[in-house]
Amino acid sequence: MLVGLGNPGAAYQLTRHNIGANWLRALALRFDITLKHDRTKRAEVGRGLLLGHDVRLLIPTTYMNQSGEAIGPFLRYFRIDADEMLVAFDDVAFDVGQTRLKFGGGPGGHNGLRSLISHLSGDRDFGRLRIGVGHPGSSRDLVPFLTQVKMSELDRQHALESSYLDDELLVWLFTGDWQKAMTKLNSVPNDEV
(Lines give C-alpha, C1' and ligand atoms only; values in the text may rest on other atoms or scores of the structure.)
Protein backbone atom coordinates (compact mmCIF):
# COMPACT_ATOMS: atom_id res chain seq x y z
CA MET A 1 0.00 0.00 0.00
CA LEU A 2 1.20 3.50 -0.86
CA VAL A 3 0.01 6.47 1.19
CA GLY A 4 0.43 10.21 0.59
CA LEU A 5 -0.14 12.55 3.53
CA GLY A 6 -1.63 16.01 3.30
CA ASN A 7 -4.53 18.23 4.30
CA PRO A 8 -7.86 18.23 2.42
CA GLY A 9 -9.13 21.16 0.37
CA ALA A 10 -7.87 23.50 -2.32
CA ALA A 11 -6.37 25.94 0.20
CA TYR A 12 -3.70 23.38 1.15
CA GLN A 13 -3.08 21.84 -2.27
CA LEU A 14 0.17 23.66 -3.05
CA THR A 15 1.56 23.88 0.50
CA ARG A 16 4.56 21.97 1.81
CA HIS A 17 2.39 19.83 4.08
CA ASN A 18 0.74 18.34 0.97
CA ILE A 19 3.86 17.20 -0.87
CA GLY A 20 3.21 13.57 0.14
CA ALA A 21 -0.32 13.65 -1.29
CA ASN A 22 0.98 15.36 -4.44
CA TRP A 23 3.68 12.69 -4.79
CA LEU A 24 1.04 9.95 -4.68
CA ARG A 25 -1.15 11.75 -7.24
CA ALA A 26 1.85 11.95 -9.60
CA LEU A 27 2.52 8.24 -9.13
CA ALA A 28 -1.15 7.40 -9.79
CA LEU A 29 -1.01 9.45 -12.99
CA ARG A 30 2.23 7.73 -14.07
CA PHE A 31 0.61 4.30 -13.74
CA ASP A 32 -2.86 5.39 -14.93
CA ILE A 33 -4.58 4.64 -11.62
CA THR A 34 -7.74 6.57 -10.83
CA LEU A 35 -8.08 7.97 -7.32
CA LYS A 36 -11.67 8.23 -6.13
CA HIS A 37 -13.05 9.89 -3.02
CA ASP A 38 -14.56 7.29 -0.67
CA ARG A 39 -16.48 8.89 2.21
CA THR A 40 -16.70 5.65 4.16
CA LYS A 41 -12.91 5.24 4.03
CA ARG A 42 -12.32 8.98 4.67
CA ALA A 43 -9.81 9.00 1.84
CA GLU A 44 -9.09 9.16 -1.84
CA VAL A 45 -8.41 5.57 -2.82
CA GLY A 46 -7.14 3.70 -5.86
CA ARG A 47 -6.02 0.25 -6.82
CA GLY A 48 -3.90 -0.90 -9.69
CA LEU A 49 -1.28 -3.18 -11.06
CA LEU A 50 2.15 -1.55 -10.66
CA LEU A 51 4.94 -3.48 -12.33
CA GLY A 52 3.08 -6.74 -11.81
CA HIS A 53 2.11 -6.03 -8.18
CA ASP A 54 -1.42 -5.41 -6.88
CA VAL A 55 -1.12 -2.10 -5.02
CA ARG A 56 -3.61 0.07 -3.14
CA LEU A 57 -3.19 3.84 -2.98
CA LEU A 58 -4.60 6.09 -0.27
CA ILE A 59 -4.66 9.81 0.49
CA PRO A 60 -6.51 10.53 3.75
CA THR A 61 -9.17 13.25 3.51
CA THR A 62 -8.84 13.85 7.24
CA TYR A 63 -6.58 16.65 8.36
CA MET A 64 -2.91 15.74 8.74
CA ASN A 65 -3.13 15.40 12.52
CA GLN A 66 -5.84 12.73 12.13
CA SER A 67 -4.24 10.77 9.27
CA GLY A 68 -4.26 7.55 11.26
CA GLU A 69 -8.07 7.67 11.52
CA ALA A 70 -8.25 6.86 7.80
CA ILE A 71 -5.13 4.73 7.35
CA GLY A 72 -5.48 2.39 10.35
CA PRO A 73 -9.00 1.12 9.53
CA PHE A 74 -8.08 0.81 5.82
CA LEU A 75 -5.13 -1.45 6.63
CA ARG A 76 -7.25 -3.61 8.93
CA TYR A 77 -10.15 -3.84 6.47
CA PHE A 78 -7.93 -5.05 3.62
CA ARG A 79 -5.66 -7.08 5.94
CA ILE A 80 -2.54 -5.23 4.91
CA ASP A 81 0.36 -5.41 7.37
CA ALA A 82 2.06 -2.16 8.35
CA ASP A 83 5.37 -3.38 6.94
CA GLU A 84 3.72 -3.58 3.49
CA MET A 85 3.08 0.17 3.49
CA LEU A 86 5.09 3.17 2.26
CA VAL A 87 4.00 6.59 3.57
CA ALA A 88 5.13 9.72 1.68
CA PHE A 89 5.23 12.98 3.65
CA ASP A 90 6.90 16.38 4.01
CA ASP A 91 10.05 16.50 6.11
CA VAL A 92 11.55 19.76 7.39
CA ALA A 93 14.80 17.98 8.31
CA PHE A 94 15.79 18.05 4.62
CA ASP A 95 16.09 20.85 2.09
CA VAL A 96 13.91 20.90 -1.00
CA GLY A 97 15.43 18.49 -3.49
CA GLN A 98 16.49 15.98 -0.83
CA THR A 99 14.46 12.83 -0.26
CA ARG A 100 15.25 9.90 1.99
CA LEU A 101 13.74 6.46 2.29
CA LYS A 102 13.53 4.93 5.76
CA PHE A 103 11.94 1.87 7.32
CA GLY A 104 10.63 2.09 10.87
CA GLY A 105 11.35 4.64 13.57
CA GLY A 106 9.39 7.22 15.50
CA PRO A 107 7.26 10.12 14.29
CA GLY A 108 10.18 12.57 14.33
CA GLY A 109 7.89 15.43 15.31
CA HIS A 110 5.51 14.81 12.38
CA ASN A 111 1.91 14.88 13.57
CA GLY A 112 0.63 12.80 10.66
CA LEU A 113 3.04 9.99 11.56
CA ARG A 114 2.22 10.37 15.24
CA SER A 115 -1.48 9.86 14.45
CA LEU A 116 -0.72 6.89 12.21
CA ILE A 117 1.47 5.14 14.78
CA SER A 118 -1.23 5.70 17.40
CA HIS A 119 -3.86 4.08 15.16
CA LEU A 120 -1.52 1.15 14.49
CA SER A 121 -1.34 0.44 18.24
CA GLY A 122 2.22 1.71 18.35
CA ASP A 123 3.47 -0.29 15.34
CA ARG A 124 6.28 1.76 13.74
CA ASP A 125 7.43 -0.83 11.22
CA PHE A 126 6.44 0.77 7.94
CA GLY A 127 8.30 2.54 5.17
CA ARG A 128 8.62 6.30 4.96
CA LEU A 129 9.41 8.47 1.96
CA ARG A 130 10.72 11.63 3.62
CA ILE A 131 10.41 14.43 1.06
CA GLY A 132 12.45 17.49 1.98
CA VAL A 133 10.56 20.80 2.09
CA GLY A 134 13.10 22.96 3.92
CA HIS A 135 12.75 24.74 7.26
CA PRO A 136 11.74 28.37 7.91
CA GLY A 137 14.60 28.82 10.39
CA SER A 138 12.41 29.33 13.44
CA SER A 139 10.16 26.73 15.06
CA ARG A 140 7.50 29.37 15.76
CA ASP A 141 7.16 29.92 11.99
CA LEU A 142 6.89 26.22 11.22
CA VAL A 143 3.08 25.79 11.13
CA PRO A 144 2.40 28.67 8.74
CA PHE A 145 5.44 27.66 6.65
CA LEU A 146 3.97 24.17 6.19
CA THR A 147 0.25 24.90 5.95
CA GLN A 148 -0.21 28.44 4.62
CA VAL A 149 2.74 29.41 2.43
CA LYS A 150 2.48 27.91 -1.05
CA MET A 151 5.60 26.26 -2.45
CA SER A 152 6.98 27.85 -5.57
CA GLU A 153 6.53 25.90 -8.79
CA LEU A 154 10.30 25.36 -8.94
CA ASP A 155 10.43 24.00 -5.37
CA ARG A 156 7.48 21.67 -6.01
CA GLN A 157 9.21 20.41 -9.15
CA HIS A 158 12.50 19.81 -7.28
CA ALA A 159 10.69 18.01 -4.44
CA LEU A 160 8.81 15.72 -6.81
CA GLU A 161 11.89 15.04 -8.96
CA SER A 162 13.97 14.12 -5.91
CA SER A 163 11.25 11.74 -4.70
CA TYR A 164 10.79 9.95 -8.02
CA LEU A 165 11.04 6.18 -7.52
CA ASP A 166 12.14 4.37 -10.68
CA ASP A 167 10.71 0.98 -11.65
CA GLU A 168 13.58 -1.01 -10.14
CA LEU A 169 13.29 0.75 -6.81
CA LEU A 170 9.50 0.27 -6.72
CA VAL A 171 9.87 -3.45 -7.34
CA TRP A 172 12.32 -3.70 -4.44
CA LEU A 173 9.76 -1.98 -2.20
CA PHE A 174 6.96 -4.26 -3.36
CA THR A 175 9.07 -7.36 -2.69
CA GLY A 176 10.18 -6.10 0.73
CA ASP A 177 13.82 -5.42 -0.16
CA TRP A 178 13.91 -2.15 1.76
CA GLN A 179 17.69 -2.17 2.20
CA LYS A 180 18.39 -2.18 -1.55
CA ALA A 181 15.77 0.53 -2.09
CA MET A 182 17.14 2.71 0.71
CA THR A 183 20.72 2.30 -0.48
CA LYS A 184 19.80 3.31 -4.03
CA LEU A 185 17.66 6.35 -3.20
CA ASN A 186 19.64 7.61 -0.20
CA SER A 187 22.98 7.48 -2.02
CA VAL A 188 21.93 9.86 -4.81
CA PRO A 189 24.11 13.00 -4.52
CA ASN A 190 22.06 16.13 -3.76
CA ASP A 191 23.33 17.93 -6.85
CA GLU A 192 21.85 15.24 -9.12
CA VAL A 193 18.24 15.97 -8.11
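**Entry 1: strand β5 and its partners**

I started at β5, which pairs with strand β7 (residues 127–132) in the parallel sense over six bridges. I took helices (H or I, at least four residues) and strands (E, at least two) as DSSP runs, numbered from the N terminus. Two strands pair if DSSP finds at least two bridges between them. The model is predicted, so I noted the limits: local features need pLDDT of at least 70, side-chain atom pairs count only at pLDDT 80 or more, and totals for chains, interfaces and linings use all residues. Residues are numbered from 1 along each chain as its sequence is written, and side-chain values use heavy atoms, with hydrogens and water left out.

I then turned to strand β1 (residues 2–4), which runs parallel to β5 and is joined to β5 by three bridges. Val3 has Val87 as its bridge partner in β5.

I checked burial next, where buried means under 20% relative accessible area, exposed over 50%, and partly exposed in between (1.4 Å probe, protein chains only). Six of the six residues of β5 (residues 86–91) are buried. In a regular strand the side chains alternate between the two faces of the sheet. Both faces of β5 are covered, with Leu86, Ala88 and Asp90 buried on one side and Val87, Phe89 and Asp91 buried on the other.

**Entry 2: the whole sheet**

I traced seven strands in an open sheet, in the order β2-β3-β4-β1-β5-β7-β6, with mixed pairing. β2 (36–38) and β6 (99–103) stand at the edges with a single partner strand each, so one side of each has no neighbour in the sheet. Neighbouring strands of this sheet are turned by 25 degrees against each other on average, direction ignored.

The antiparallel pair I looked up was β3 (residues 43–50) with β4 (residues 53–60), joined by eight bridges. Leu49 stands opposite Asp54 in β4.

**Entry 3: helices α2 and α3**

I fitted axes as lines to C-alpha atoms, for helices over the stretch in contact, with angles running from 0 to 180 degrees between N-to-C directions. α2 (residues 67–77) and α3 (residues 111–119) pack at about 40 degrees, with axes 8 Å apart. That makes α2 oblique to α3; angles under 35 degrees count as roughly parallel, over 145 as roughly antiparallel, 65 to 115 as roughly perpendicular and the rest as oblique.

Contact means heavy atoms within 4.5 Å. Ser67, Gly68, Glu69, Ile71, Gly72 and Arg76 in α2 meet Gly112, Ser115, Leu116 and His119 in α3. These contact residues divide into two nonpolar, six polar and two charged, counting Ala, Val, Leu, Ile, Met, Phe, Trp, Tyr, Cys and Pro as nonpolar, Asp, Glu, Lys and Arg as charged, and the others, Gly among them, as polar.

In α3 I found Gly112, Leu113, Ser115, Leu116 and Ile117 buried. Their cover includes α2, β5 and β7. Just after α3, Ser121 takes a positive phi of about 55 degrees.

**Entry 4: Arg30**

I looked up Arg30 in helix α1 (residues 19–30). Arg30 is partly exposed, at 29% relative accessible area. Leaving aside neighbours within four places in sequence, Arg30 is in contact with Tyr164, Leu165, Asp166, Asp167 and Leu170.

**Entry 5: helices α6 and α7**

α6 (residues 167–174) and α7 (residues 178–186) pack at about 150 degrees, with axes 7 Å apart. That makes α6 roughly antiparallel to α7. Glu168, Leu169, Trp172 and Leu173 in α6 meet Trp178, Lys180, Ala181, Lys184 and Leu185 in α7. By class I noted six nonpolar, no polar and three charged residues in this contact.
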